[in-house]
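Here's a friendly walk through one structure. Have a look at it first, and then we'll go through a few of its helices together.

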Amino acid sequence: MQIQSGKRYTLTIILLPLTLLGYATIDSTLDLNTLWALVWGQETIEFEEFRFVYATLPRAVLAMLVGGILGLVGSVLQQATQNRLLSPMTLGASSGAWLALVCASVWAPALVGHYSAWLAMGGATLSVILVLLIAGNQGLSGLPVILAGMAVHILLGAIASAVILLNDQYAKNLFIWGAGDLTQTSWDWVVWLLPKATIAIAVILFAHRPLTLLRLGEQSAQARGLALFPMLSILLLASLWLLSSAITAVGVISFIGLLTPNIARALGARNARDELAYSTLLGAILLLLTDTIAIIFSTWSANLVPSGTTAALVGAPALLWFARQKMTAQDQSALQLPKGANFVKPVTWAAMLFAVLALLIISIAFSPSVQGWQFAWPSELIFSLRWPRTVTAIAAGAGMAIAGVLLQRLIRNPLASPDILGLSSGATLMLVLTTIFVGGSVHDAGTAVAFAGSMGVLGIIILLGKRHNYAPGKIVLFGIALSALIEALVHFALSKGDDSVYSILGWLAGSTYRATGQGAIILLAGVLLLFSACLATSRWLTLISTGDAIAMARGLAAPKARLSLLVIASLLCALITAFMGPVAFVGLLAPHIASILGAKKALPQLVLATLTGILLMLFSDWLGRTMLYPMQMPAGTIASIVGGCYFVYLLALPRLSRTRANGLR
């Protein structure tokens, strides 16, 4: 629906005061005359008047400021790259700024007070540079840069979680900040942000010419006198400064920068300056509306609902909608696996079995103590505490690896895994919400609850992906959008800050801390049972991997077989998540390593991926126990960081291959 420019701006400018009026009267008993008088400086006497002047008004102004900044930054990024899916979140800038502020808050709190915006900008700049190095210049206009940005987002998020876990006294405030909180008690943050946001005026006034030339293509723009690299660097740095200032003031608020430029174009913004200005105006209104919803939810629930959560509730479905655009050839070729052996050699099987056995012994017998490192069989007490953790890690690694093999072969997507597709997030959300709102321990919420969450997400992914023939980039993008939504909801639950938060926080990192002997045996038995079912149906997996037409020609009811195997994958994910917590990247990493080692057929890949998953989780659990002794890190966090680095490498592989090929010419 396109609207003429004059009418569009007139309607939007009329909408802004109406939105402000609704915002001011949501949770106030004051009449309109009093509100108007207070706006123009009437002295505050009653509590409601004081709250309006020093809480509601600065919150509204800050929402418009931050929303306008996010809308402008999103428009600059999308126009500069001609990529309608690019935003501060999908480029990885928000997570870089967030990690920098988390680290500074924990280790250098004095710097946060004076240099917070510079710290956030430094983190955002480094993460964006990493994303650009991964995607390369040719990947900026398609899905490669989005996938690279979200890979960096997940990796930096795992590192930030590790920092918070080691300093859990900061957990409540950091999670509220991470969820995006616009709550104000004075005008301090408005006064702080306003001068830093003035650079936005210069961007609107002067950025339209280079952005207009960029629409003609890089070569045409340079032929018309545009200094491409310096101009893009200036625009990027200005955008990162605005973004970092906004994140410092209110925390991470996702999706506004993605939505507003797309809405602006849909309503008729065609030239560069129009899109910049209108995206800024729309961003202010959209975040104000979003914060209105957050205030209403907070009133109904009697708990703080961060604005970032409501933004995710709106933005994640929008990302799914905008992601339906047709994929380019570059997008299709952006994902590939490293080449490996054609079959598994006997020496490989022997080496893997020996490695599992050796690491099992090391995990139990080799550990630091007050006397230093010791290699000795532990005492009866230590062994009774250690073996449940070891068995839990083994079962979790095996189960997630099996689930990864099933998903990658059934969806025919090399990037499919329980965490990337959001299955783990679905199970996590159901468990956390059940614990927060029903009560009890997250460890006792049950596998059935986790299974319902996993199956719900899987059903959405299958419905969305079917239209695109389960294209790798699309499926991953759908999973990432759902995961971002679920992550925001989990942050909201954690921001309540009651006594259950700290135990949930440890569980969210994939911890084996509270593993019991009974729980470990139940988990191992469940994984073994489901693994046996996979081995018995490996022929189904082989036939489905070759295509539904061939499978049905061989007498296999492909839809029913696929559904059965997908249920097994969801059960594995739910079982592990319920007992140990979410474990990221093992389901992605293990099948790839098995394939590189030569396991091309379904049955060998299942077995070899299982051994690889066991190795990864055993190593992660042992490293988490010993690396910072006497402090400990959850195995899931270690595995997330290791697997995240591999995911980044996987996405950078096409660029590395092209660079190597060009170097040989």
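What follows covers a helix pair, a nonpolar core and one more helix.

## Before we start

This is a predicted model, where local features need pLDDT of at least 70, side-chain atom pairs count only at pLDDT 80 or more, and totals for chains, interfaces and linings use all residues. Numbering runs from 1 along each chain as its sequence is written, and side-chain values use heavy atoms, with hydrogens and water left out.

## Where α17 meets α18

Start with helix α17 (residues 346-365) and helix α18 (residues 380-410): their axes come within 10 Å and cross at roughly 145°. Helices here are DSSP runs of H or I, at least four residues, numbered from the N terminus. Axes are lines fitted to C-alpha atoms over the stretch in contact, with angles from 0 to 180 degrees between N-to-C directions.

On the α17 side, L360, S363 and I364 meet F383, R386, T390 and I394 of α18; contact means heavy atoms within 4.5 Å. Sorted by class, that contact has 4 nonpolar, 2 polar and 1 charged residues.

## The core

The largest nonpolar core counts 161 residues, and L406, L407 and F647 have the most contacts inside it. Such a core is a set of buried Ala, Val, Leu, Ile, Met, Phe, Trp, Tyr and Cys residues joined through side-chain atoms within 4.5 Å, buried being under 20% relative accessible area (1.4 Å probe, protein chains only). Helix α18 gives the most to this core, with 13 residues.

## Around α24

In helix α24 (residues 538-546), you'll find S538, L541, L543 and I544 buried. L541 is also among the residues that L406 touches. Just after α24, G547 takes a positive phi of about 125°.

Key:
Helices (H or I, at least four residues) and strands (E, at least two) are DSSP runs, numbered from the N terminus. Ala, Val, Leu, Ile, Met, Phe, Trp, Tyr, Cys and Pro count as nonpolar, Asp, Glu, Lys and Arg as charged, and the others, Gly among them, as polar. Buried means under 20% relative accessible area, exposed over 50%, partly exposed in between (1.4 Å probe, protein chains only). Lists of a residue's contacts leave out its neighbours within four places in sequence.
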